[in-house]
Amino acid sequence: MLPFKLVYSDDYYLPIGAHVFPAEKYRRIHDRLLETGVAETSDFVTPQPASDQDVLLVHTPAYVHKLKTGTLSAREELELEVPYSPELVEAFWMAAGGSILAADYALQNRIAFNIGGGFHHAFPDHGEGFCMIHDVAVAIRRIQHEGRIVRAMTVDCDVHQGNGTAVIFAGGPIARGPFPAAGHWMQSSSPTGQMRSSHAEDVFTISLHQLNNYPVFKPPSSLDLNLPDGMGDGEYLACLGNALSLGLSKFDPELICYIAGADPYREDQLGGLSLTIEGLKKRDALVFQIVKAERIPVMVTLAGGYAQNLEDTVTIHCNTVIAAKEIFTV
Ligand SMILES: [Zn+2]
């Protein structure tokens with residue numbers, strides 16, 4: 001039995017037909033975790049869909065109305081990059097409910113997973129890049145609204161920048177200063193960092209992502225690490241360690257939301273970094289070791305993963321659970 005809960009629903013499946021987004025990955029991860037003995041049936045808990053009131057803590061009434069009534073414009077549907085249907089709306093509301101439940105369990109048990117979610121490209125008034133609504137932001141706002149926490153941090157390790165997260169939690173004037181540790185990183189093809197001179201008081205957002213990739217316009221997170229094409233395991237882990245120690249020196253979160261994208265993988269179809277499957281597991285372990293040492297609860301979501309071979313994406317996501325099991329089992 002795992003020392004934490006895995007929130008999962010068969011209804012996470014996204015009814016989008018043949019698509020680069022592997023909609024069946026959630027069920028495949030669930031099944032693999034059971035088949036390999038990593039998890040037992042009793043480790044899984046089933047969420048309820050988020051309520052509209054929860055979703056409205058992040059998204060505009062006009063956008064929610066369009067989603068519920070099927071009245072997105074053709075341009076809005078194009079931007080979403082997945083075909084609209086009422087069933088798709090239900091799947092995204094369920095993913096958001098899953099992140100709410102995972103945040104709830106994380107506060108009780110130090111760590112919890114949503115075997116779904118991580119839809120970090122959703123904005124308050126529109127969806128983009130396969131993301132209709134921002135489940136992680138909905139979960140943060142819901143538990144803040146309940147008065148259970150004040151300060152949260154997002155740690156986004158998907159290969160694509162968390163543009164929706166950055167905009168939702170933007171606070172104060174967007175004046176960029178140089179990343180304090182950037183001095184020795186200034187060579188071309190080296191990572192560059194930007195830290196906002198001010199950020200939202202209640203949510204600190206960190207994003208490590210490939211610079212030359214979607215989204216073209218990257219609204220500033222509290223801390224952005226812009227990584228060059230082809231970066232491998234060693235450099236990536238060094239950047240992640242630096243980003244976490246800098247972020248945690250500036251901000252004292254009561255909950256960390258780790259967005260554990262599988263797409264920094266070297267064989268990802270939509271990514272251009274060069275992490276190995278082993279390197280990605282070390283990435284997960286690094287995050288878990290730090291949050292455990294700092295005694296900060298962590299809620300994990302999956303986000304992207306578009307490997308040529310779906311089995312690799314499933315392996316990378318399952319490894320995140322295995323890394324947590326190894327670190328949190330005492
Ligand atoms: Zn991604």
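1. Basis. The model is predicted: local features need pLDDT of at least 70 and side-chain atom pairs count only at pLDDT 80 or more, while totals for chains, interfaces and linings use all residues. Residues are numbered from 1 along each chain as its sequence is written, and side-chain values use heavy atoms, with hydrogens and water left out.

2. Zinc site. Asp-158 (OD), Asp-158 (OD), His-160 (ND1) and Asp-263 (OD) coordinate the zinc ion at 1.9 to 2.8 Å. Donors are N, O and S atoms within 2.8 Å of the metal (3.2 Å for Na, K and Ca); water is not among the atoms, so sites may look incomplete. The donor residues follow the sequence spacing D-x1-H-x102-D. Both Asp-158 and His-160 are buried, where buried means under 20% relative accessible area, exposed over 50% and partly exposed in between (1.4 Å probe, protein chains only).

3. Zinc geometry. The angles among the four donor atoms run from 53 to 151°, and the site is irregular. Four donors count as tetrahedral if all angles lie between 85 and 135 degrees; four count as square planar and six as octahedral if opposite donors are over 155 degrees apart and all others between 65 and 115; anything else is irregular.

4. Helix H1. Helices (H or I, at least four residues) and strands (E, at least two) are DSSP runs, numbered from the N terminus. In H1 (residues 25–35), the buried residues are Lys-25, Tyr-26, Ile-29, His-30 and Leu-33. Seen down the helix axis, these residues fall within an arc of 140°, so they line one face of H1; the arc is that of the directions from the helix axis to the C-beta atoms. Their cover includes strand S1 (5–7), strand S2 (44–45) and helix H10 (310–328), contact meaning heavy atoms within 4.5 Å. Gly-37, which follows H1, has a positive phi, near 75°.

5. Glu-311 pairs with Arg-28, their closest N and O atoms lying 2.0 Å apart. This pair links distant parts of the chain, with Glu-311 in helix H10 and Arg-28 in helix H1, 283 residues apart. Glu-311 also forms a salt bridge with Arg-32 (2.9 Å, N to O), and that pair, between H1 and H10, is 279 residues apart. Glu-311 is partly exposed at 30% relative accessible area, and Arg-28 is partly exposed at 27%.

6. Other salt bridges. Arg-283 and Asp-284 form a salt bridge with closest N and O atoms 3.1 Å apart. Arg-283 is buried at 0% relative accessibility, and Asp-284 is likewise buried at 0%. A network of salt bridges links Asp-54, Asp-104, Arg-142, Glu-146 and Arg-148.

7. Strand S7. Eight of the eight residues of S7 (residues 203–210) are buried, so the strand is largely enclosed by the rest of the structure. Val-203, Thr-205, Ser-207 and His-209 point one way, and Phe-204, Ile-206, Leu-208 and Gln-210 the other. Strand S4 (residues 152–156) runs parallel to S7 and is joined to it by five bridges, with Met-153 opposite Phe-204. Five bridges also join S7 to strand S8 (residues 223–227), again in parallel; there the partner of Gln-210 is Leu-227. Two strands pair if DSSP finds at least two bridges between them.

Note on methods:
Salt bridge = Lys/Arg side-chain N within 4 Å of Asp/Glu carboxyl O.
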